[in-house]
Amino acid sequence: MQKLVVGNLKMNMESVSQRDTYCKEFKEEFKDLKTDHVVALCPPNIYLEHFCKEFTHTPVIMGAQDCFWELYGSYTGNTSPKTIQSLGAEMVIVGHSERRKYNHETNEDIAQKVAISLRVGIMPIICVGYLDTEDEMESVRAQVNIIVDNFTTDDMENLVFAYEPMWAIGSGKTPTTDEIHTMIMLIRSIVSARHGKDVAENVAILYGGSVVAENVTEVCTNAYADGVLIGRASLSPSNFARIVRMLG
Ligand code: PGA
(Lines give C-alpha, C1' and ligand atoms only; values in the text may rest on other atoms or scores of the structure.)
Protein backbone atom coordinates (compact mmCIF):
# COMPACT_ATOMS: atom_id res chain seq x y z
CA MET A 1 0.00 0.00 0.00
CA GLN A 2 1.29 3.39 -0.97
CA LYS A 3 2.13 5.60 2.00
CA LEU A 4 2.59 9.34 2.32
CA VAL A 5 5.93 10.20 3.94
CA VAL A 6 6.19 13.88 4.85
CA GLY A 7 9.27 15.60 6.23
CA ASN A 8 8.54 18.64 8.38
CA LEU A 9 11.83 20.52 8.54
CA LYS A 10 10.36 23.08 10.98
CA MET A 11 12.58 26.10 11.76
CA ASN A 12 15.75 24.08 11.64
CA MET A 13 17.61 25.42 8.65
CA GLU A 14 18.81 28.74 9.89
CA SER A 15 21.20 29.64 7.09
CA VAL A 16 21.23 29.53 3.31
CA SER A 17 24.33 27.35 3.36
CA GLN A 18 22.53 24.78 5.57
CA ARG A 19 19.63 24.84 3.15
CA ASP A 20 21.93 24.24 0.20
CA THR A 21 23.77 21.40 1.93
CA TYR A 22 20.44 19.76 2.79
CA CYS A 23 19.15 19.94 -0.78
CA LYS A 24 22.39 18.53 -2.14
CA GLU A 25 22.47 15.64 0.35
CA PHE A 26 18.79 14.91 -0.10
CA LYS A 27 19.12 14.63 -3.87
CA GLU A 28 22.14 12.39 -3.46
CA GLU A 29 20.31 10.08 -1.02
CA PHE A 30 17.16 9.87 -3.10
CA LYS A 31 18.59 9.71 -6.60
CA ASP A 32 18.76 5.90 -6.72
CA LEU A 33 15.93 5.27 -4.32
CA LYS A 34 13.10 3.59 -6.16
CA THR A 35 9.90 3.87 -4.20
CA ASP A 36 6.17 3.76 -4.83
CA HIS A 37 5.51 5.81 -1.73
CA VAL A 38 4.84 9.52 -1.96
CA VAL A 39 7.64 11.56 -0.43
CA ALA A 40 7.06 15.17 0.52
CA LEU A 41 9.17 17.90 2.08
CA CYS A 42 7.93 20.91 4.03
CA PRO A 43 10.82 23.35 4.39
CA PRO A 44 10.58 26.67 6.22
CA ASN A 45 8.16 28.77 4.16
CA ILE A 46 10.86 31.30 3.31
CA TYR A 47 12.78 28.56 1.47
CA LEU A 48 9.76 27.08 -0.27
CA GLU A 49 10.44 28.74 -3.61
CA HIS A 50 14.02 27.48 -3.60
CA PHE A 51 12.96 23.93 -2.71
CA CYS A 52 10.25 23.96 -5.38
CA LYS A 53 12.84 24.90 -8.00
CA GLU A 54 15.45 22.45 -6.74
CA PHE A 55 13.03 19.53 -6.79
CA THR A 56 11.07 20.38 -9.94
CA HIS A 57 12.24 17.37 -11.93
CA THR A 58 11.99 14.88 -9.09
CA PRO A 59 9.04 12.92 -7.68
CA VAL A 60 9.43 14.69 -4.33
CA ILE A 61 6.41 16.87 -3.54
CA MET A 62 6.74 20.21 -1.77
CA GLY A 63 4.59 21.59 1.01
CA ALA A 64 4.45 24.60 3.30
CA GLN A 65 4.51 24.44 7.08
CA ASP A 66 1.58 26.81 7.50
CA CYS A 67 -0.54 29.33 5.62
CA PHE A 68 -2.86 32.20 6.41
CA TRP A 69 -6.65 32.09 6.00
CA GLU A 70 -6.86 34.91 3.46
CA LEU A 71 -5.46 35.04 -0.07
CA TYR A 72 -4.02 38.58 0.05
CA GLY A 73 -4.17 41.82 1.98
CA SER A 74 -2.75 43.59 5.01
CA TYR A 75 -1.58 40.59 7.00
CA THR A 76 2.04 41.36 7.78
CA GLY A 77 4.26 38.34 8.02
CA ASN A 78 1.71 35.79 6.88
CA THR A 79 1.86 33.53 3.84
CA SER A 80 -0.94 33.32 1.30
CA PRO A 81 -2.02 29.82 0.25
CA LYS A 82 -2.23 31.22 -3.28
CA THR A 83 1.47 32.06 -3.15
CA ILE A 84 2.23 28.56 -1.91
CA GLN A 85 0.23 27.07 -4.75
CA SER A 86 1.75 29.34 -7.38
CA LEU A 87 5.26 28.28 -6.35
CA GLY A 88 4.36 24.72 -7.25
CA ALA A 89 3.85 23.36 -3.74
CA GLU A 90 1.02 20.86 -3.41
CA MET A 91 0.33 20.69 0.30
CA VAL A 92 0.36 22.64 3.53
CA ILE A 93 0.56 21.56 7.16
CA VAL A 94 -2.13 23.26 9.25
CA GLY A 95 -2.82 23.13 12.96
CA HIS A 96 0.52 21.69 13.98
CA SER A 97 0.60 21.48 17.77
CA GLU A 98 3.54 23.89 17.84
CA ARG A 99 1.35 26.48 16.12
CA ARG A 100 -1.58 25.68 18.38
CA LYS A 101 0.72 26.14 21.38
CA TYR A 102 2.99 29.07 20.45
CA ASN A 103 0.64 30.96 18.12
CA HIS A 104 -2.53 30.11 20.03
CA GLU A 105 -4.28 28.85 16.91
CA THR A 106 -7.80 27.64 17.54
CA ASN A 107 -9.83 24.92 15.84
CA GLU A 108 -11.77 27.71 14.09
CA ASP A 109 -8.56 29.30 12.75
CA ILE A 110 -7.46 25.94 11.45
CA ALA A 111 -10.81 25.26 9.77
CA GLN A 112 -10.44 28.59 7.93
CA LYS A 113 -6.96 27.59 6.75
CA VAL A 114 -8.32 24.26 5.53
CA ALA A 115 -11.08 26.06 3.60
CA ILE A 116 -8.74 28.43 1.81
CA SER A 117 -6.19 25.69 1.04
CA LEU A 118 -8.86 23.56 -0.56
CA ARG A 119 -10.07 26.58 -2.49
CA VAL A 120 -6.67 27.21 -4.09
CA GLY A 121 -6.06 23.50 -4.64
CA ILE A 122 -3.39 22.61 -2.12
CA MET A 123 -3.90 19.67 0.18
CA PRO A 124 -4.10 20.51 3.87
CA ILE A 125 -2.46 18.09 6.30
CA ILE A 126 -4.50 18.76 9.42
CA CYS A 127 -2.65 17.95 12.61
CA VAL A 128 -4.75 16.75 15.52
CA GLY A 129 -3.74 15.54 18.93
CA TYR A 130 -3.90 16.88 22.41
CA LEU A 131 -1.68 19.45 23.99
CA ASP A 132 -0.21 18.42 27.34
CA THR A 133 -3.06 19.34 29.61
CA GLU A 134 -6.07 18.13 27.67
CA ASP A 135 -8.21 15.06 27.57
CA GLU A 136 -7.00 13.29 24.45
CA MET A 137 -10.22 11.79 23.08
CA GLU A 138 -12.18 14.98 23.71
CA SER A 139 -9.69 17.32 22.09
CA VAL A 140 -9.17 15.11 19.04
CA ARG A 141 -12.95 14.76 18.73
CA ALA A 142 -13.36 18.56 18.74
CA GLN A 143 -10.47 19.07 16.31
CA VAL A 144 -11.87 16.55 13.83
CA ASN A 145 -15.54 17.48 14.31
CA ILE A 146 -15.05 21.05 13.16
CA ILE A 147 -13.53 19.71 9.94
CA VAL A 148 -16.11 17.04 9.18
CA ASP A 149 -18.97 19.45 9.97
CA ASN A 150 -17.71 22.26 7.77
CA PHE A 151 -16.46 20.40 4.73
CA THR A 152 -18.11 18.33 2.06
CA THR A 153 -17.69 14.66 1.30
CA ASP A 154 -15.68 15.63 -1.79
CA ASP A 155 -13.41 17.78 0.35
CA MET A 156 -12.59 14.73 2.49
CA GLU A 157 -10.75 13.26 -0.51
CA ASN A 158 -8.51 16.27 -0.75
CA LEU A 159 -7.38 16.57 2.83
CA VAL A 160 -5.26 14.49 5.17
CA PHE A 161 -5.32 14.14 8.95
CA ALA A 162 -2.17 13.61 10.99
CA TYR A 163 -2.50 12.29 14.52
CA GLU A 164 0.32 13.80 16.53
CA PRO A 165 0.26 13.63 20.34
CA MET A 166 2.31 16.57 21.51
CA TRP A 167 4.26 14.61 24.12
CA ALA A 168 5.60 12.32 21.40
CA ILE A 169 6.94 15.15 19.24
CA GLY A 170 10.70 15.35 19.40
CA SER A 171 10.77 13.32 22.63
CA GLY A 172 11.93 9.97 21.31
CA LYS A 173 8.79 8.47 22.89
CA THR A 174 5.86 7.10 20.94
CA PRO A 175 2.46 5.74 21.89
CA THR A 176 2.03 1.98 21.48
CA THR A 177 0.80 0.80 18.09
CA ASP A 178 -2.53 -0.05 19.75
CA GLU A 179 -2.85 3.50 21.05
CA ILE A 180 -2.07 4.96 17.62
CA HIS A 181 -4.53 2.58 16.00
CA THR A 182 -7.25 3.54 18.50
CA MET A 183 -6.86 7.21 17.63
CA ILE A 184 -6.84 6.49 13.90
CA MET A 185 -10.07 4.51 14.35
CA LEU A 186 -11.56 7.34 16.38
CA ILE A 187 -10.83 9.81 13.56
CA ARG A 188 -12.32 7.39 11.00
CA SER A 189 -15.45 6.93 13.10
CA ILE A 190 -15.98 10.71 13.33
CA VAL A 191 -15.58 11.03 9.56
CA SER A 192 -17.90 8.06 9.05
CA ALA A 193 -20.68 9.49 11.21
CA ARG A 194 -20.86 12.57 8.98
CA HIS A 195 -19.74 11.38 5.55
CA GLY A 196 -20.28 7.63 5.52
CA LYS A 197 -18.16 4.51 5.83
CA ASP A 198 -16.60 4.58 2.36
CA VAL A 199 -15.32 8.11 2.73
CA ALA A 200 -14.02 7.32 6.23
CA GLU A 201 -12.12 4.28 4.99
CA ASN A 202 -10.46 6.32 2.28
CA VAL A 203 -9.51 9.45 4.18
CA ALA A 204 -5.74 9.46 4.71
CA ILE A 205 -4.58 9.52 8.32
CA LEU A 206 -0.90 9.88 9.12
CA TYR A 207 0.90 9.46 12.41
CA GLY A 208 3.58 11.88 13.62
CA GLY A 209 5.75 12.01 16.72
CA SER A 210 9.27 10.56 17.01
CA VAL A 211 9.01 8.46 13.86
CA VAL A 212 12.33 6.85 12.94
CA ALA A 213 13.44 4.00 10.67
CA GLU A 214 13.12 1.58 13.60
CA ASN A 215 9.42 2.21 14.25
CA VAL A 216 8.00 3.31 10.88
CA THR A 217 6.99 -0.17 9.74
CA GLU A 218 5.11 -0.82 12.97
CA VAL A 219 3.34 2.53 12.72
CA CYS A 220 2.28 1.95 9.13
CA THR A 221 1.56 -1.78 9.32
CA ASN A 222 0.36 -2.57 12.85
CA ALA A 223 -1.23 0.79 13.61
CA TYR A 224 -2.60 1.13 10.05
CA ALA A 225 -1.39 4.69 9.50
CA ASP A 226 -1.51 5.84 5.87
CA GLY A 227 1.86 7.44 6.28
CA VAL A 228 3.98 9.50 8.61
CA LEU A 229 4.83 13.09 9.41
CA ILE A 230 8.48 13.20 10.38
CA GLY A 231 10.22 16.05 12.16
CA ARG A 232 13.64 15.38 13.62
CA ALA A 233 14.53 12.32 11.55
CA SER A 234 13.81 14.22 8.33
CA LEU A 235 16.58 16.70 9.12
CA SER A 236 19.08 14.08 8.06
CA PRO A 237 18.51 13.10 4.42
CA SER A 238 20.12 9.71 5.05
CA ASN A 239 17.76 8.99 7.99
CA PHE A 240 14.83 10.16 5.89
CA ALA A 241 15.86 7.84 3.05
CA ARG A 242 16.20 4.93 5.53
CA ILE A 243 12.64 5.52 6.69
CA VAL A 244 11.35 5.42 3.11
CA ARG A 245 13.39 2.26 2.40
CA MET A 246 11.96 0.53 5.48
CA LEU A 247 8.49 0.92 3.98
CA GLY A 248 9.60 -1.17 1.02
P1 PGA B 1 9.28 14.61 15.43
O2 PGA B 1 8.26 15.73 14.94
O3 PGA B 1 9.37 13.57 14.36
O4 PGA B 1 10.57 15.34 15.65
O5 PGA B 1 8.74 14.04 16.70
C6 PGA B 1 7.06 15.39 14.28
C7 PGA B 1 6.28 16.64 13.97
O8 PGA B 1 6.30 17.58 14.76
O9 PGA B 1 5.61 16.73 12.93
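Q: OK, two residues count as being in contact if their C-beta atoms, placed from the backbone, lie within 7 Å. With that in hand, which residues of helix 10 meet which residues of helix 11?

A: First, a caveat: this is a predicted model. On the helix 10 side you'll find Ala213, Val216 and Thr217, and they meet Asn239, Arg242, Ile243 and Met246 of helix 11. Sorted by class, this contact has 4 nonpolar, 2 polar and 1 charged residues.

Q: And how do I read the geometry of helix 10 and helix 11, that is, at what angle do their axes cross?

A: The general idea is that a packed pair of helices is described by two things, the angle between the axes and the distance between them. Here, the axes of helix 10 (residues 213-221) and helix 11 cross at roughly 35° and come within 8 Å. The crossing is right-handed.

Q: Why is helix 5 called oblique to helix 6?

A: Look at the cut-offs: angles under 35 degrees count as roughly parallel, and 65 to 115 as roughly perpendicular. The angle of about 40° is therefore what makes helix 5 oblique to helix 6.

Q: Is that crossing of helix 5 and helix 6 left-handed or right-handed, and which residues make the contact?

A: Right-handed. Helix 5 brings Asn107, Glu108, Ala111 and Val114, while helix 6 brings Ala142, Gln143, Ile146, Ile147 and Asn150. By class that's 5 nonpolar, 3 polar and 1 charged.

Q: Now the sheet. How many strands are in the barrel, and in what order do they run?

A: Follow the neighbours from strand to strand. You get a closed barrel of 8 strands in the order 1-2-3-4-5-6-7-8, paired in parallel. From one strand to the next, the twist averages 25°.

Q: Over how many bridges do strand 1 and strand 8 pair?

A: Strand 1 (residues 4-8) and strand 8 (residues 227-230) share 4 bridges in the parallel sense. To find the spot, go to Gly7, which stands opposite Ile230 in strand 8. Helix 11 (residues 237-246) packs on the sheet too, touching strand 1, strand 2 (38-42) and strand 8. Its direction makes about 165° with that of strand 1.

Q: Last one: which residues come nearest the ligand?

A: Of the 13 residues around the ligand, the nearest are Ile169, Gly170, Gly208, Gly231 and Arg232. The shell divides into 5 nonpolar, 6 polar and 2 charged residues.

How values were computed
Residues are numbered from 1 along each chain as its sequence is written. This is a predicted model: local features need pLDDT of at least 70, side-chain atom pairs count only at pLDDT 80 or more; totals for chains, interfaces and linings use all residues. Two strands pair if DSSP finds at least two bridges between them. Helices (H or I, at least four residues) and strands (E, at least two) are DSSP runs, numbered from the N terminus. Axes are lines fitted to C-alpha atoms, for helices over the stretch in contact, and angles run from 0 to 180 degrees between N-to-C directions. A residue is near a molecule or strand if its C-beta atom, placed from the backbone, lies within 6 Å of it. Ala, Val, Leu, Ile, Met, Phe, Trp, Tyr, Cys and Pro count as nonpolar, Asp, Glu, Lys and Arg as charged, and the others, Gly among them, as polar. Angles under 35 degrees count as roughly parallel, over 145 as roughly antiparallel, 65 to 115 as roughly perpendicular and the rest as oblique. A crossing is left-handed if the near helix is turned anticlockwise from the far one by less than a right angle, and right-handed if clockwise.
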